[in-house]
Amino acid sequence: MALTGLEIYKLLPKTNCKECGFPTCLAFAMKLAAKQAELSACPYVSEESKAKLEAASAPPIRLIEIAGDDGKLAVGNETVLFRHEKTFYHRPGLFLRLLDTDGPDDLKRKAAEADAYKADYVGINLTLDGFAVEAASGDPAKYAAAIAAVRSASKKPLILMASSPDLAKAGLEAAKGTRPLLHAANAANWQAMGELAKAANVPLAVRSESLDGLAELTGSLTKAGLQDLVLDPDLTGYQDSLQRLTLLRRLALKKNFRPLGFPIITFPGASGKADETVLAAEHIAKYAGFIVLEKFEPASLYALLVLRQNIYTDPQKPIQVQPGLYEINNPDTKAPVMVTTNFSITYFSVANEVEGSGWPAWLVVTDAEGMSVLTAWAAGKFDSERIAKAVKAVGIADKVGHRKVIIPGQVAVLSGELEGDLPDWQIMVGPKEAVDIGSFLKATWKN
Amino acid sequence: MTIEIPKEKWAGKVREVTLGATSADGGTRIRTITLGGQAAMPYLQFEAPAPHPPCLALEIRDRKPEDWSQLLSQIWGEAMADPAQWAKAAEEAGADMIYLTLSATQADGKPNTAENARAVVRKVLDATALPIAVVGPGQAEIDNELIVPAAEEGKGERMLIGICEDKNYRTIVAAALANDHIVQSKTPMDVNLSKQLVILIHDMGLPLERIIIDPTTGSLGYGIEYGYSVMERLRLAALQGDSMTQQPLIVTPGEEGWKVKEAKVGEGVPAAWGDWKRRAQDWEAVTATALVHAGADLIVLRHPDTLRRVRSLVDSLLAPAA
Ligand code: B12
Ligand code: SF4
């Protein structure tokens, strides 16, 4: 939590020597609070004050970055409990757990299949973020081979799940050249695990059922010089998840409690006590940073990835596309002309549908300030005037031989007025839902 | 080290609303359902245990709907053709409440009628002893024409009736007043609009203990985040003591989740969308899960498996804090 100017002033020498370039220590403190000056400008500030000030300016939840052979993921650095207060910034990573006991061939196949997973949601490419490779065999050589196999099939970031230092060591060796998350240190092994993580410069997860246990571990590891830590609160069901994830976020944000100011890793399917998809959805809404799934199930993964996208959308800015003229399936002078709004969800529902139907078409995307058809219509951002303006501005009249324009069925009421605003055009009312565009064109478009 | 658990102290709490009337209160329901009463954000049991579980309702229609997903028709089968059968099937599937939506037209395409609305409500009340909701098709004139007789038929049963919207609430509220029912007050994803409509309804003389807010539900992938945040804001306002936001919240993930392409369409969709049946059910379940965490009190679903999944979620969330 940021300090106020006065709080900072209390930590300065209070000699008003002016060497920082400001007339008084207080003036300097005010500039520091406003982030318009650097602490290093004062040569006399004590080491103790310096440490306090630096700690206070660090984000309450540390940003943790991991990297694969290609591709990075950063989580943490969140600042609010509820998305409307600002926004949630760093989408939690979704990982798939793989066991070294499966053997290299199976692992390669599984990793390759999940690595190739790609779903398009309103023009955003949704994928899995990486793999959590577990040393279930207990054999360092097998574990190293498993990691090599996964790396040969995927360049995505890894989480190394190793329960003992010798497994961790083999895993880190095999993952060299990437920056995996090492999982996990506990009360028994934290020293050795900490040394390994420090030497390899990788983030380390700590595991404990209790908040006290977690804070003790991060406290010890921080003292040992580690900064990049992740918390594993060992969550098993819906209620313990919600409670502990909420408490961790509150302690970090409201109490600025450093020992728990780290991202959190969860395993929603591991305990078998909950429906993996439902619990993962809870973890997405409520504060997880890394989510490790047991099963690769495209249908469920797609739903979870979309939820993650939705929850992490900036509430201030609806996702939108550039207004203008869009060509679908290489339209020619005979192709139908349709108008829609520039809200991403609206645009892509229509564009994907038209594309899938095989019909070539021109899409006139009006500037409706990123709102859906009915929302924009109700807000006066998708009225006859705006539509007419857009149709004229994109110059579609020069590109087609006909004079017919199709409007969304939801705004059928606009057709009369539009006939006035676009006198040369025949206004056709399309179906209400984009799914029906193909059959609508089939029935009505005779050109 | 013992970490002090940070607890919020709130000034306000959610108002309690009771649906359904047993013989003790002049109705014929086997039980009542009380919603609300929370004094903390959703399911933070360590702060203030929620006094009542949320109500999980299943939606049925007065006749077989033409636009429901084939996956739903497979599940409900023959029962869909008869509201009494359907209500029974929904009760057997574990619903707490039956949410009956009347259609704009009858099976032969003719406009739905007051007599039919009355008859259907009677059938459903006779077929199930659970509390019920009856709402119109969402077109002002038809709603009024159908809901008034429906409300009369269920007089004294403390049904949930609706849907009240800013342009159309007077007739429905009057029917609730005359026949001792609760109303569903719907506004498009906006905290202030939501409060305003509650005030207007309350001004007509309906006690606040008989109003449930419908903040408008968006499906996963189609605007869920707007409703989600409006619900969180309404709930925070309620806890801060803003009286007109202290109503229980109703959401409709069944209707919204099953309306979208992901749930409706099984063929010609991207391979990454995976198995259709699973995707459709996850769409409803994930939408519902998110809304449960945003503070939903009455959750209207369509698929019995989703009901089962959401039931284990809320049962677990409500268990006493460990
Ligand atoms: C999410 C939402 C919002 C979000 C905005 C999201 C956004 N960026 O647009 C928020 C919360 C901000 C919002 C605000 C408002 N909203 Co609003 N909102 C919705 C909601 C829930 C979903 C809209 C949506 O995203 N749909 C999904 C998109 C993809 O649908 P679509 O754009 O219509 O596109 C589909 C079809 O139209 C078709 N299509 C699209 N283009 C084309 C083109 C052609 C040629 C064809 C054939 C088809 C086609 O394809 C798509 C898929 O089928 C609806 C209710 C509902 N459940 O539908 C209310 C709704 C649209 N809102 C409504 C209202 C009134 C408002 C407000 C005016 C309320 C207010 N007074 O504050 C404000 C206006 C905004 C403002 N003043 O800033 C009303 C409109 C009522 C009406 N009939 O006029 C609705 C219907 C709710 C209701 N029942 O009252 N809203
Ligand atoms: S240099 Fe340091 S001690 Fe001198 S005035 Fe600036 S803040 Fe104060």
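Reader: How many salt bridges does the rule find across the interface of chain A and chain B?
Author: The model is predicted, and the values here are computed from it. One salt bridge joins Arg250(A) to Glu47(B), with the closest N and O atoms 2.5 Å apart. Across the interface of chain A and chain B, the rule finds a total of 5 salt bridges.

Reader: How many residue pairs are in polar contact between chain A and chain B?
Author: The pairs are counted where both residues are at pLDDT 80 or more. Under that condition, the residue pairs in polar contact between chain A and chain B number 19.

Reader: Which helices and which strand of chain A each supply at least two residues of the side that touches chain B?
Author: The residues on that side of chain A divide into 26 nonpolar, 9 polar and 12 charged. The elements of chain A that each supply at least two of the residues touching chain B are strand 4 (119-121), helix 8 (211-223), helix 9 (238-254), helix 10 (276-285), helix 11 (298-311) and helix 12 (344-357).

Reader: Which three residues supply 15% of the area that chain A buries against chain B?
Author: The contact takes 47 residues from chain A and 52 residues from chain B. About 4200 Å² is buried between the two chains, and carbon and sulfur atoms give 65% of that area. The three residues that supply 15% of chain A's part, more than any other three, are Gln239(A), Arg250(A) and Tyr302(A).

Reader: Is Arg309(B) buried or exposed?
Author: Arg309(B) has its place in helix 11 (residues 304-318) of chain B. Leaving aside neighbours within four places in sequence, Arg309(B) is in contact with residues of chain A, namely Asp275(A), Thr277(A) and Val278(A), and with Gln281(B), Asp282(B) and Ala285(B). Buried means under 20% relative accessible area. Because Arg309(B) is at 10% relative accessibility, it counts as buried.

Reader: Which side chain does that of Arg309(B) join in a polar contact of 2.8 Å?
Author: The residues in contact with Arg309(B) include Gln281(B) and Asp282(B). The polar contact of 2.8 Å runs from the side chain of Arg309(B) to that of Asp282(B).

Reader: Why is the site of ligand 1 described as shared?
Author: There are 36 residues around ligand 1, and those that come nearest are Thr340(A), Thr346(A), Ser372(A), Val373(A) and Glu433(A). By class, the shell has 22 nonpolar, 10 polar and 4 charged residues. Because the residues that surround ligand 1 come from two chains, the site is shared between chains A and B.

Reader: Which helix of chain A gives the most to the shell around ligand 1?
Author: An oxygen atom of ligand 1 lies 2.6 Å from a polar side-chain atom of Thr346(A), and one is 2.6 Å from a polar backbone atom of Ser372(A). Elements of chain A that give two or more residues to this shell are strand 14 (337-341), helix 12, helix 13 (373-378) and strand 16 (404-407). With 5 residues, the element that gives the most is helix 13.

Reader: How many charged residues are in the shell around ligand 2?
Author: Among the residues around ligand 2 are Cys17(A), Cys20(A), Cys25(A) and Cys42(A), along with Lys18(A) and Glu19(A). By class, the shell has 7 nonpolar and 2 polar residues, and its charged residues number 2.

Reader: What percentage of the residues in chain A is buried?
Author: Chain A has 16 helices and 17 strands. Of its 447 residues, the buried part makes up 53%.

Technical notes
Residues numbered from 1 in each chain as written. Chains lettered and ligands numbered in written order. Predicted model: local features only at pLDDT ≥ 70, side-chain atom pairs only at ≥ 80, totals over all residues. Heavy atoms only, no water. Contact = heavy atoms within 4.5 Å. Buried area = accessible area lost by both parts, 1.4 Å probe. Salt bridge = Lys/Arg side-chain N within 4 Å of Asp/Glu carboxyl O. Polar contact = N/O pair within 3.5 Å; in protein donor to acceptor, adjacent residues only side chain to side chain. Helix = DSSP H or I, 4+ residues; strand = E, 2+ residues; numbered from the N terminus. Nonpolar A, V, L, I, M, F, W, Y, C, P; charged D, E, K, R; others polar. Near = heavy atom within 4 Å. Buried < 20%, exposed > 50% of the residue type's maximum accessible area, 1.4 Å probe, protein only.
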